[in-house]
Amino acid sequence: MKITDYLKTEKLYLDGGMGTLLQAEGLHPGELPERWNITHPDVIRGVHRAYLDAGSNVVSTNTFGANILKLSIEELDSVVCAAIRLAREACEESVGTQEMWVALDIGPTGRMLKPYGDLDFEDAVKVFSKTVELGVKYGVDLIFIETMQDSYETKAALLAAKECSTLPVFVSNAYGEDGKLMTGADPAAMAFMLEGMGADAIGANCSLGPKALSGVIGEYLKYSSIPVLLKPNAGLPRVEGGATVYDVSPEEFADELSALMEKGVRIAGGCCGTTPAHIAALTERTRGITPATLTKKDFAAVSSYTHAVCFADTPILIGERINPTGKKRFKEALKNNDIDYILGEGIAQQEKGAHILDVNVGLPEIDEKEMLVRAVCELQAVTDLPLQIDTADPAAMEAALRRYNGKPMINSVSGKRESMDSIFPLAKKYGGLIVALTLDESGIPESAEGRVLIAKKILACAKEYGIDKKDIIFDPLAMAVSADKFAARETLASVERITRELGCKTSLGISNVSFGLPSREVITATYFALALDRGLSAAIMNPYSAEMMKVYRSYIALSGRDENFSSYIELAQSLPSTALGTPTGDAAKEPTEQSASELQRVITKGLKEQSASITRSLLSVKDPLSIVSDEIIPALDTVGVGFEKKTVYLPGLLMSAEAAKCAFEEIKAAMPSGDANKKCSVVIATVKGDIHDIGKNIVKLLLENYGFKVVDLGRDTPPEVIADKVVELKAPLVGLSALMTTTVPSMEKTVKLLREHAPWCKIMVGGAVLTKEYAASIGADFYGKDAMESVRFAEKVNNMTM
Ligand code: B12
């Protein structure tokens, strides 16, 4: 029986932990467990069999880390082949009488994807594709993508599974205690993206015990229409006497999971720390539970790499500013490849209150596909708003949909057959909420009646492509009233009828209505109010327009959606400045205190080019070191605090670091270089395990400036490399930097090694987490709280040696 058919009426049991059992059998730390398929086949087959005997329906092959980044293609082939054979043999040998399937297990690549790592998205797809192809070749029943901590990598894996097989795919993510993935996604964002891309079951595994994951699972059950799976750890692991221990007993595990199966979890198993005893207790304890019927959820939703936006009760604002139409400055930016201008527009619209950003970069003179992909990739590194991808070129649309990290809005399809035939397959493959324009080969019907008919035609065609009604949002087209005095009336009637008669959501590009009229904002805002009152779900609009925001917030208040009028009062308080209506960072400014705070802003927002240009102008009024201490460091501190509070995620942190580096490069270029032959050598490095090097680079810059010969060993530097270099140069001074509590022990190790091999060498240490006391406790000679202190100490050492 096909597993997807079985799941329609039954609940399904997965297996439990593999790694912990293999360690008990003698697997060494650092050894690839997947090689045991070849070297210890009896052990692997035995583990599978134990789970099947305990009642599992599905065993996952021992291929979690089997990929071409870790194994040669030949070895990968034999590892996957053996893995599947062993799982199949276990099914034949098992005493169990339940239905059984073999899943190809796929875990993360072990590398981070760009922009916060070095693995390109398409390369990640290729890595997963290779493993999937072998799974298909050796005959698995389904694919199980699990323990994914990053939404982008999850998307790459699911895309590979879909492109290289027709097998059912289950996708499971590993959530932290904050209920989010490591790179920031919440369960709703993952549910919408994965279901949109056609996963057959979704949910969570690893990281925590069943109870701690109940909040995450509740969200999955709320938002998804497909079966939800849960494969938790036997509790949060802790280390005891050097060994990893899990506290949740089989009985407790079964109790906690059974409560969640009662609530609707349909697929259950165990992850780290669980054993056949946990699975036996689980199947025993939950046998009597009748699986809840799957209910179709009708959320019209999109998502970004952090969160989802649902088109439900509150109307959604879609920022229209990333679009060259009628904007000279924007066209210039596109022609000059000025991506920072586009990113600035994205950030400013978010600050003004947009919920989603429309992205249109179509211009005849440029390669639209290339620019659209670039804009989408870079925008999602500086803003966490979902994007509406807006292009008439299906090839550009597909390229952007591939690279989008979430469930996007697709702008747009029309009732023309050609349009539907080119866009619907893309929406089906990549997922997305499609904006459907009510026009077809005969043009735009004048009447609301005609537009509703086209909407019905679009829905019927979407159905043929397997696209659900909830994934279509209609744009009944705001036409210029100056050309047709009934244009607004018919469009407003269409909004109402589509909402009421078809039960669909609507969106309008509001500004068109006033085309050709004076004081456009007045009539546009009034039209917006009327449309909202007729049930409009979303508007593509200008978030910088004070008039539009006034209408929006007033409407929210008047329609009873504004608790204590807080949103309206916030608007009222901001009115004098909002009324200026211009985006920040747009006009060229004099280098003043204003630009100084502007530098902090662009660094926190991760805008590289603006960071460099503002620094350049600031250098004419401020000394370089004050720019570092008054602007760059406070900006990075702000981002660091955000990171700690989980308001900023890794991509944001990384973009800010890049922007700080650009500022720093300008500062370096502006500082006179010292005479490097005058003073002694200083070896500097960030210690092993730590890749933070901005502070260390500042130390280097200053030391060089004061005439020291600096040998920079870079970051993540092993103690031996540092000691060898000091010995080789007979250097009298070394500077070590560490920024994380987890890497200070490696600083201590380095100090010890230096004391052994280079007892003459003075050691200075620094970095945000260090203190004077700690520095003394690990035997360093000096702690420098900033780069200037490193120079003072170096001067002392120099005077002693010269
Ligand atoms: C930028 C940044 C990054 C960038 C680094 C880019 C780069 N090329 O350096 C990126 C995005 C890559 C990054 C990654 C990570 N980061 Co980070 N990062 C930061 C951030 C925001 C700023 C650090 C910085 O550059 N500050 C500015 C410089 C100028 O300050 P500084 O280094 O302290 O240097 C000054 C002095 O200390 C001194 N000094 C420095 N070195 C030396 C050496 C000597 C000899 C002397 C005398 C003086 C001296 O002089 C300098 C100038 O005056 C901090 C938060 C913060 N406010 O510190 C987090 C922070 C350090 N990161 C953190 C974390 C957790 C991480 C990650 C683990 C995140 C993750 N989940 O993957 C990874 C780490 C990967 C790794 N293995 O190292 C945590 C560390 C928590 C902790 N206490 O252990 C912090 C504190 C953020 C937080 N609040 O949670 N990060």
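In which loop is Phe-565 found? Phe-565 sits in the loop between helix 20 (546-558) and helix 21 (566-578), where helices (H or I, at least four residues) and strands (E, at least two) are DSSP runs numbered from the N terminus. This is a predicted model, in which local features need pLDDT of at least 70 and side-chain atom pairs count only at pLDDT 80 or more, while totals for chains, interfaces and linings use all residues. Residues are numbered from 1 along each chain as its sequence is written, and side-chain values use heavy atoms, with hydrogens and water left out.

**Overall form**

- The secondary structure of the protein chain comes to 30 helices and 25 strands.
- The radius of gyration of the protein chain is 30 Å, close to the 28 Å that the globule rule gives for 802 residues, so the chain is as compact as a globular protein of that length; the radius is taken over C-alpha atoms, and the rule is 2.2 Å times the number of residues to the power 0.38.
- Taken along the principal axes, the C-alpha atoms of the protein chain fill a box of roughly 90 × 80 × 50 Å.
- Of the 802 residues, 55% count as buried, a term that means under 20% relative accessible area, with exposed meaning over 50% and partly exposed in between (1.4 Å probe, protein chains only).
- Among contacts (heavy atoms within 4.5 Å) between residues at least 6 apart in sequence, 75% join residues at least 24 apart.
- The protein chain carries 86 positive and 107 negative side chains, and the centres of the two sets lie 2 Å apart; Lys and Arg count as positive and Asp and Glu as negative, without His and the chain ends, and each charge is placed at NZ of Lys, CZ of Arg, CG of Asp or CD of Glu.

**The cobalt site**

- His-692 is the only protein donor of the cobalt atom of the ligand, through NE2 at 2.3 Å; donors are N, O and S atoms within 2.8 Å of the metal (3.2 Å for Na, K and Ca), and water is not among the atoms, so sites may look incomplete.
- His-692 has its place in the loop between strand 21 (681-686) and helix 26 (694-705).

**Backbone features**

- Most residues other than glycine have a negative phi, and most peptide bonds are trans.
- Phe-565 has a positive phi, near 55°, and is partly exposed, with a relative accessible area of 43%.
- Lys-730 likewise has a positive phi, near 50°, lies in the loop between helix 27 (719-729) and strand 23 (733-737), and counts as exposed at 53% relative accessibility.
- A cis peptide bond with omega of about 10° joins Lys-114 and Pro-115, and Pro-115 lies in the loop between strand 3 (101-106) and helix 6 (121-137).
- A cis peptide bond with omega of about 20° joins Asn-411 and Ser-412, and Ser-412 is found in strand 16 (residues 409-414).

**Buried parts**

- Pro-651, in helix 25 (residues 650-670), counts as buried at 2% relative accessibility.
- Leaving aside neighbours within four places in sequence, Pro-651 is in contact with Tyr-116, Thr-183, Tyr-305 and Ala-381; Tyr-305 is 346 residues away along the chain, yet the two C-alpha atoms are separated by 9.8 Å.
- Seven of the 10 residues of helix 15 (residues 394-403) are buried, so this helix is largely enclosed by the rest of the structure.
- The buried residues of helix 15, among them Met-397 and Leu-401, pack against elements including helix 7 (151-164), helix 14 (368-382) and strand 15 (387-390).
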